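This briefing is written for a reader meeting the structure for the first time. Please keep the sequence and the model open beside the text while reading.

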Amino acid sequence: MIETIASSLLTVLSIEHIAYLAGGVFLGLMIGIFPGLGGIAGLSLLLPFLYGMEPISALAMLIGLVAVIPTSDTFTSVLMGIPGSSASQATVLDGFPMAKQGHAARALGAAFSASLLGGLLGALLLTAFVLIARPLILAFGSAELFMLTLLGLSMVGVLAGNSLVKGISACGIGVLLGSLGAAPATGEYRMSFDNIYLMDGIPLVVVGLGIFAIPEIIDLLRQNRAINEASELGSGWFDGLRDVIRNKWLAIRCAVIGTLVGALPGLGGSVVDWIAYGHAVQTTKDKPDFGNGDVRGVIAPESANNAKEGGGLVPTLLFGIPGSGSMAVFLGGMVLIGLEPGPAMVGAELGTTYTIVWSLALANVIGAGSCLFLSKWVSRLTLIPYALMAPFMLMVICFAAFQATRSLGDLVALLAIGVLGVLMKRFDWPRPAFLIGFVLAGGMETYLYQAIQFDGWSFLTKPGVMIIAFITVLSVYFAVRAKRNSGDDSTEAPAAAEPPRRRARNLKPQVIFAAAVVAFFGFALYDAFQHSFLGGVFTAGISGLMLILSLTVLVKLLRGQVDDPVNFDNEVEAGYDSDSTVARLPHYLYWLTALILGCYLFGYLIAIGLFFVVFLMTKARTSLLRTLSLTGAALGFLITLAHLMVLDLPRGLLQDLVQMPWPLS
Amino acid sequence: MNNSKTTFIANVTRSLRTSIAAVTLGAGALTLSSAALAVDFDGDRIEMVMPFKEGGGSDTWGRFYAPLVAEQLPGSPVMVVKNIPGGGSTSGANQFQLRAKPDGRDVLASSASTMFPYILGDSRVRYDYKDWAAVLASPTGGVVYVSADLGIDSVADIAKLKGQDMKFASQGATSMDLVTLLALDLLDMDVKAVFGMKGRGEGRLAFERGEVNIDAQTTSAFIKKVQPLVDEGKAIPLFSYGVLGKDGKIKRDPNFPDLPHFVEAYEMVHGQAPDSEAFRAWKSFFIAGYAAQKGLFLPKGTPEDVVQAYSEAVAKVIAKPGFETEAEDVLGNYEQAVGSDAQMMFAEALKIDDAAKAWIIDWLNSRYSAGL
């Protein structure tokens with residue numbers, strides 16, 4: 001045992017190993033900074049070279065890449081409100097408001113120090129955990145996994161915002177959108193209108209980008225300012241480091257959560273950041289300000305998502321079951337190198353396992369360290385006027401969305417979810433609740449169905465199920481308590497400090513949106529009855545319940561209950577309606593629609609080029625020369641990336657009708 | 001209705017494309033005919049369309065073969081893998097059918113998940129295997145095994161399983177598990193399928209957890225991950241699916257010489273060789289799912305000499321000394337079928353007669369609400 005540990009440690013610390021590891025890390029950082037690409041693109045770039053390489057060196061490069069995925073995607077989450085991957089969606093909630101307040105460097109500092117801590121702790125924990133992981137994973141059957149999705153769902157209570165009915169309804173929209181496509185029990189296609197794209201369900205990346213990034217971009221464009229409201233950076237990355245030290249126990253708890261949840265196959269890493277975020281909200285007693293730039297809302301998910309990568313190694317190495325897309329590629333790489341996962345990884349191959357685990361920790365140090373170092377400069381991006389940034393943002397977002405399934409449908413879905421996101425933001429239907437519902441929908445239905453098939457309803461009496469049920473009840477209790485605390489705060493706060501809240505008097509826009517939500521649930525219910533019992537029972541149950549909840553919202557609004565918490569219209573509350581410098585809400589949605597329509601007609605490359613030129617000339621009012629050089633740089637970058645990644649950019653009708661020379665085809 | 005409309009548009013687009021292509025071809029006829037004399041890919045980048053996500057079994061298979069085949073092709077071009085996932089691999093194959101150019105610079109990696117919906121007449125399929133030329137087929141095998149708790153030692157005791165509560169964790173009735181589900185049905189075993197697994201790995205996990213008591217794994221997964229359970233006495237292998245001989249008959253799997261194959265198991269249970277619509281359907285899906293699970297295809301209209309060049313390149317890869325040991329982790333211990341052998345295997349899988357096809361579609365619909 002001691003010998004194995006010592007020899008693995010020697011391997012990890014050898015100069016050659018570190019060099020390859022660092023190579024992987026830097027490749028990962030360069031690519032991973034683009035949202036949506038994450039490490040999967042980097043890994044597929046690397047895979048062709050793996051074959052024929054020295055196994056240990058190849059492994060080092062692979063690990064270097066995997067380790068920095070949840071690190072480098074933090075840049076766009078914090079600075080631009082674009083969730084780089086599903087692992088950093090929760091980071092956006094508080095990271096981006098911090099950037100807007102001029103604390104971008106501090107937020108990044110906190111995020112990367114938390115990542116560093118989470119990654120290291122995760123590896124430490126894993127060293128012992130990997131030995132007992134096998135029985136533990138085997139103890140988590142479908143029943144226990146179903147209960148875990150319920151635990152995740154209980155976080156909705158924390159993230160619901162002002163009105164609980166709206167929060168739960170938003171979550172319901174997410175659940176139903178998440179169960180679009182093939183039913184797990186029968187394979188019947190639900191709510192998909194015979195459309196091949198919808199049959200697969202909407203990809204999480206597209207939903208994350210649409211629901212968070214698009215509304216923020218549009219909001220910033222309407223106000224026509226830089227991301228940073230203050231004209232200079234208010235604090236440095238060192239403050240962020242101090243924040244992590246101050247909240248070290250939170251970071252440690254979240255690292256443990258990340259490792260354990262990440263190690264459970266099937267649930268996937270995509271809920272880890274939400275569970276950690278919810279945990280932070282529930283346990284913070286000291287002046288919580290979550291959602292408006294509370295640094296603890298950055299520390300918790302970042303610590304957890306780096307620890308999660310380590311946890312994700314467990315099912316990958318022990319059972320050959322990858323928990324995430326990046327782990328799937330890692331697994332493919334392992335097979336190409338000639339390493340086969342299985343029980344031997346904690347037996348005869350334990351040394352290799354330890355080498356992998358500690359390499360991951362080391363890669364974290366290198367990755368997070370260099371990000372920390374960079375954050376001072378990168379955070380200056382928030383000072384650039386947004387009209388100049390926006391075309392680049394939209395280009396990157398469309399490119400990222402397109403990575404999901406590489407079809408034009410990704411872009412259309414992005415637009416549709418984007419519109420939904422804009423409206424949810426305006427009427428304060430909590431978007432995090434929506435996303436949690438979306439993320440958990442598939443697992444919830446599948447595991448519930450499987451648990452009943454395996455054990456009947458008696459699955460509820462399994463000890464593991466009861467323990468998780470108990471934790472869920474605790475979580476709800478803490479959520480209620482946290483809510484009451486924050487409620488106390490607002491009553492205690494002197495009213496003079498805050499201007500009186502402006503409330504919407506004209507409820508018509510809200511009524512229309514709420515009616516659309518009700519109609520959606522109604523349609524989902526109708527659709528559920530078109531299928532066999534097993535194919536429709538889950539969506540029928542959810543949509544039936546949601547129909548009632550959303551109807552209460554609608555009725556309240558129709559009755560004109562202005563003072564009820566369901567009434568919220570950001571156009572009024574933020575004063576946009578009376579401010580003539582703010583563009584109208586649909587204005588930039590039209591721009592976005594035009595871009596997507598252009599992609600449909602002329603293909604992505606031509607459309608984005610035209611969009612750049614027109615947008616920069618009319619909105620950013622740059623000179624012709626500058627416009628052309630910016631456009632050229634952007635397109636050149638796109639073409640290079642597409643070529644290296646062996647990617648066809650979306651084609652339009654034009655390309656279908658006429659043979660175009662590369663790269664226009 | 002929607003379908004016919006899309007097909008119509010696709011047809012118009014295709015015919016427009018063909019006429020445009022004809023014009024371009026006319027202009028390029030000179031270069032083309034000279035190229036036909038000697039196939040040369042010097043300096044080219046060949047794209048292998050991979051209708052799956054990065055990282056899975058098929059992707060790994062393709063990435064294993066790509067550099068090896070490229071190296072042996074005339075001119076030693078670069079071969080890159082282009083992942084186009086979606087629609088259970090029908091999206092990538094559809095794109096290949098629609099867009100691939102017949103010049104040897106576009107190849108398709110196909111797998112069981114691409115072939116099954118084609119045989120079943122899935123509405124998403126817009127491609128036709130009969131248009132393509134196969135240059136390589138990679139077989140795998142599979143083993144069905146049960147939990148030792150059921151109290152049997154081998155397939156000979158299969159009658160003892162009658163009346164026992166048997167469950168199988170499956171990815172879906174129209175997935176590769178169709179072969180297993182149908183085999184168990186043919187053996188008159190009453191097994192309840194629980195769907196929604198993401199991959200066979202999860203099915204094996206459910207077996208290890210004791211949630212199900214019967215499972216099937218492909219050869220490499222069985223050897224690495226189930227054999228230890230067999231050695232511990234927790235799992236009992238029942239039968240393998242066997243391999244397809246050159247005479248079209250099913251033979252014992254060389255990896256499991258002591259294990260009866262499915263046809264033998266059938267004879268043990270029923271006392272006679274199988275010959276029914278159900279069995280003919282099973283054989284088709286067995287070939288598409290196991291005996292010729294993965295294949296490399298060239299698009300419609302690829303000139304004979306290009307197909308020839310590919311077949312020779314693949315043959316050279318396989319003949320190279322040391323290939324077998326190198327390939328064992330990815331391919332398992334199975335003979336790779338090249339050129340006309342590969343074409344023969346795929347033809348055998350597609351040979352399913354109308355009666356057998358009607359039978360299987362009805363079986364899937366009535367038993368599993370497959371909606372075909």
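B:Asp177 is buried, and B:Arg200 is buried as well, where buried means under 20% relative accessible area, exposed means over 50%, and partly exposed is in between (1.4 Å probe, protein chains only). These two residues form a salt bridge whose closest N and O atoms are 2.9 Å apart, a salt bridge being a side-chain nitrogen of Lys or Arg within 4 Å of a carboxyl oxygen of Asp or Glu. B:Asp177 lies in helix α5 (residues 177–186) of chain B and B:Arg200 in helix α6 (residues 200–209) of chain B, so the pair ties together parts that are 23 residues apart in sequence; helices (H or I, at least four residues) and strands (E, at least two) are DSSP runs, numbered from the N terminus.

This is a predicted model, in which local features need pLDDT of at least 70 and side-chain atom pairs count only at pLDDT 80 or more, while totals for chains, interfaces and linings use all residues. Residues are numbered from 1 along each chain as its sequence is written, chains are lettered from A and ligands numbered from 1 in the order in which they are written, and side-chain values use heavy atoms, with hydrogens and water left out.

**Salt bridges**

- Over all chains, a search of the whole structure finds 37 salt bridges.
- Within chain B, the side chains of B:Arg63 and B:Asp59 meet in a salt bridge with an N to O distance of 2.9 Å, and both B:Arg63 and B:Asp59 are buried.
- Because B:Arg63 and B:Asp59 are four residues apart in helix α2 of chain B, about one helical turn separates them.

**The interface of chain B and chain A**

- The contact, meaning heavy atoms within 4.5 Å, takes 52 residues from chain B and 51 residues from chain A.
- Chain B and chain A bury about 4,600 Å² between them, with 53% of it on carbon and sulfur atoms; buried area is the accessible area (1.4 Å probe) that two parts lose on being put together, summed over both.
- On the chain B side, B:Glu54, B:Arg209 and B:Glu211 lose the most area to chain A, and together they give 13% of what that side buries.
- Two salt bridges are found across the interface of chain B and chain A.
- B:Glu54 forms a salt bridge with A:Arg406, with the closest N and O atoms 3.1 Å apart.
- That pair crosses between chains, from B:Glu54 in the loop between β1 (45–50) and α2 (57–72) of chain B to A:Arg406 in the loop between α19 (386–402) and α20 (408–427) of chain A.
- B:Glu54 counts as buried at 11% relative accessibility, and A:Arg406 is buried with a relative accessible area of 13%.
- B:Glu208 forms a salt bridge with A:Arg134, the closest N and O atoms being 2.4 Å apart.

**The two domains of chain B**

- The domain assignment of chain B gives domain 1 (2–21 + 42–139 + 292–350) and domain 2 (142–288), with bounds that come from an automatic or database domain assignment.
- The C-alpha centres of domain 1 of chain B and domain 2 of chain B lie 29 Å apart.
- The contact takes 16 residues from domain 1 of chain B and 19 residues from domain 2 of chain B.
- About 1,600 Å² is buried between domain 1 of chain B and domain 2 of chain B, and carbon and sulfur atoms give 63% of this area.
- In domain 1 of chain B, the residues B:Phe116, B:Tyr334 and B:Glu348 lose the most area to domain 2 of chain B, together 37% of what that side buries.
- Three salt bridges are found across the interface of domain 1 of chain B and domain 2 of chain B.

- A:Met191, although not a glycine, has a positive phi of about 50°, and A:Met191 is found in the loop between β2 (189–190) and α11 (196–199) of chain A.
- A:Met191 counts as buried at 4% relative accessibility.
- A:Asp194, also placed in the loop between β2 and α11 of chain A, has a positive phi near 60°, and A:Asp194 is exposed with a relative accessible area of 55%.
- A:Glu571, in helix α25 (residues 570–573) of chain A, counts as buried at 10% relative accessibility.
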